[in-house]
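Here is a short briefing for a first look at this structure. Take the sequence and the model together as you read.

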Amino acid sequence: RQAVRRVELAAVRKAEVVISCSADDQAYFKDCVGPRDSVVVPNGVDVRRFEPSTAVRHDFRTALGIGDSDLLVRFAARKWG
């Protein structure tokens, strides 16, 4: 947990712009590493705005070496372990 925190904060210190998913995350990074250009981009998507494309999905998964039946989970961590 501490190793991940060190890497995360080192990356933020070197970043020109920090993109956070919430105002809390933005404040956390400012508190830890000082002022940086930052923007908040909420991590929510209104899936009703998008039409699924099985062809595009298949092409992306194939390019990444992921089978159509493989389950993917994206986890973005922050200050909690």
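**Briefing**

Valine 40 is partly exposed, because its relative accessible area is 33% (buried means under 20%, exposed over 50%, partly exposed in between, with a 1.4 Å probe and protein chains only). This is a predicted model, in which local features need pLDDT of at least 70, side-chain atom pairs count only at pLDDT 80 or more, and totals for chains, interfaces and linings use all residues. Residues are numbered from 1 along each chain as its sequence is written, and side-chain values use heavy atoms, leaving out hydrogens and water.

**Around valine 40**

- Valine 40 belongs to strand S2, residues 37-40. Helices (H or I, at least four residues) and strands (E, at least two) are DSSP runs, numbered from the N terminus.
- Leaving aside residues up to four places away in sequence, valine 40 touches Ser20, Cys21, Ser22, Ala23 and Gln26. Contact means heavy atoms within 4.5 Å.
- Isoleucine 19 is 21 residues from valine 40 in sequence, and their C-alpha atoms are 5.8 Å apart in space.

**Helices H1 and H2**

- Two packed helices are described by the angle between their axes and the distance between the axes.
- Helix H1 (residues 2-14) packs with helix H2 (residues 23-33) at about 85°, and the axes are 10 Å apart. Axes are lines fitted to C-alpha atoms, for helices over the stretch in contact, and angles run from 0 to 180 degrees between N-to-C directions.
- H1 is therefore roughly perpendicular to H2. Angles of 65 to 115 degrees count as roughly perpendicular, under 35 as roughly parallel, over 145 as roughly antiparallel and the rest as oblique.
- H1 contributes Arg5, Glu8, Leu9, Val12 and Arg13 to the contact, and H2 contributes Tyr28, Phe29, Cys32 and Val33.
- By class, this contact has six nonpolar, no polar and three charged residues. Ala, Val, Leu, Ile, Met, Phe, Trp, Tyr, Cys and Pro count as nonpolar, Asp, Glu, Lys and Arg as charged, and the others, Gly among them, as polar.

**Salt bridge**

- The count is one salt bridge (a side-chain nitrogen of Lys or Arg within 4 Å of a carboxyl oxygen of Asp or Glu).
- Aspartate 68 and arginine 57 form a salt bridge, at 3.8 Å from N to O.
- Arginine 57 sits in helix H3 (54-63), and aspartate 68 in the segment after H3, 11 residues apart.
- Aspartate 68 is partly exposed at 41% relative accessibility. Arginine 57 is partly exposed at 40%.

**Cysteines**

- The disulfide count is zero (a pair of cysteine sulfur atoms within 2.5 Å).
- Cysteine 21 is partly exposed at 32%, and cysteine 32 is partly exposed at 27%.
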